[in-house]
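Here is a short report on one protein model. Keep the structure open beside the text as you read.

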Amino acid sequence: MSLTYREIKQQYTALQQTYDYMLAQRAEVTAFAQAQSVTFIGCGSSYCLSESAAFSFRLRTGLPSSALAGGDLMLNPERYRALLAGTLLIAPSRSGSTSEIVEAVRLIQQASPIPVLALSCVTNSPLSQQADFSLELPWAFDHSVCQTRTVTNLYTANLLLAAFLSNDEAVIADIQTAIQQGEAFMTRVEQDIRTTADFSWTNAVVLADGELYGLASEGAIALTEIAKVQANSHHLLDVRHGPMVTIGPDTLVIAAITGNGTEHQNNLMRDIKQRGATIIAFADRADLISTEHVDLAVISDNPLDIAAQGIPFMFIPQIVALTSAERQGMNPDQPDGLVAWVKL
């Protein structure tokens, strides 16, 4: 059994710890996180999570929120000076040691200090030492090169921050529901996902909208890193606007189907299926997916807020990537050419 697989399977145990920890920090972090705007920074997986987090903050708190790539900010701090004025900078990071993030924060603070909230999966990291407020989730740290457990935990922590600032008790409750049903969900759907993904596909497409789009991008990264295949992410209906030409019999599509516009979404699944692709569709209700147009419908155990659906959704690309790596005889723990975090 690979370390990557063990960490995927341990993510819900870690998520419960993250949920309890974040709720214990709620009053303190809410008092700190008062700003005119919010800016997230990250690299790789953390940047994908930052995109989802910024969307959640815009949607739920009404604050102007954006996501910046850490390397871009490090190279061009002056270009973003006006954007960063009066902002709260939130930096989610597995290691808290990624060079681009640590250096970007240093450059920004050196020129014009702004409040920084670090969210990392180790204690007393260089990023935590630079921050004004630090949240640390060491139980969520992935020791494998590719992030899996860390991703869902940082995503959940970011979403809880948005929920705290907007007093969104419904999404907080749905996050707890998603965590509580997680072990049973993984047990119920894993073998079907593995069976559906166990063929010689060479191209993957992950589709999702809204707060889940950043997770779709992260799903594509996981597929690329772990399975060493070409993988891309798109907003659901946007795949018609060009990328459809890349979809064929060698393509595995993973799609998050939401409760609005299901006729259009299912028509898209039909058209993708007609191109010969294999489709795994996810939703929180069975009636949202037209099973005649997909190869596998994965349904969460309870209806959930769309952002909370991201927690079970991430299990799909993770297991698909692992299945492909195993089929190809590759070690998912040590993908060629990658390191756990970048040190320039």
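## A residue in a strand

Is T251 buried or exposed? This is a predicted model, and in it T251 is found in strand β8. T251 is buried, because its relative accessible area is 0%, and the cut-off for buried is under 20%.

Which residues does T251 touch? Leaving aside residues up to four places away in sequence, T251 touches F199, N203, V205, T246, A277 and T278.

## The sheet

Strands of a sheet pair through backbone hydrogen bonds, either parallel or antiparallel. Here, five strands form an open sheet with parallel pairing. Their order is β7-β6-β8-β9-β10. The edge strands are β7 (230-234) and β10 (296-299), and each pairs on one side only. From one strand to the next, the twist averages 15°.

Look at one pair in detail. Strand β9 covers residues 278-283 and pairs with β10 in the parallel sense. Four bridges join β9 and β10. At one of the partners in β10, A297 is the bridge partner of A281.

## Helices across the sheet

Helix α13 (residues 262-274) lies across β6 (203-207), β8 and β9. Its direction is at about 165° to β9. Helix α11 lies across β8 (251-256), β9 and β10. The angle between α11 and β10 is about 160°.

## Two packed helices

Two packed helices are described by the angle between their axes and the distance between the axes. For α11 and helix α15 (residues 315-328), the angle is about 45° and the axes are 9 Å apart. That angle makes α11 oblique to α15. The crossing of α11 past α15 is right-handed.

Which residues meet at this contact? From α11 come F185, M186, V189, E190, I193, R194 and A197. They meet F315, I316, I319, V320, L322, T323 and E326 in α15.

Helix α10 runs over residues 169-180 and has 12 residues. From its first C-alpha to its last, α10 reaches 17 Å. That is close to the 16 Å expected at 1.5 Å a residue.

Which residues of α10 are buried? They are V171, I172, D174, I175, Q176, A178 and I179. The buried residues of α10 pack against α2 (11-24), α3 (26-32), α4 (45-61) and α9 (149-166). They also pack against α11 (182-197) and α14 (310-313).

Key:
Residues are numbered from 1 along each chain as its sequence is written. This is a predicted model: local features need pLDDT of at least 70, side-chain atom pairs count only at pLDDT 80 or more; totals for chains, interfaces and linings use all residues. Side-chain values use heavy atoms; hydrogens and water are left out. Helices (H or I, at least four residues) and strands (E, at least two) are DSSP runs, numbered from the N terminus. The expected span of a helix is 1.5 Å times one less than its number of residues. Buried means under 20% relative accessible area, exposed over 50%, partly exposed in between (1.4 Å probe, protein chains only). Contact means heavy atoms within 4.5 Å. Two strands pair if DSSP finds at least two bridges between them. Axes are lines fitted to C-alpha atoms, for helices over the stretch in contact, and angles run from 0 to 180 degrees between N-to-C directions. Angles under 35 degrees count as roughly parallel, over 145 as roughly antiparallel, 65 to 115 as roughly perpendicular and the rest as oblique. A crossing is left-handed if the near helix is turned anticlockwise from the far one by less than a right angle, and right-handed if clockwise.
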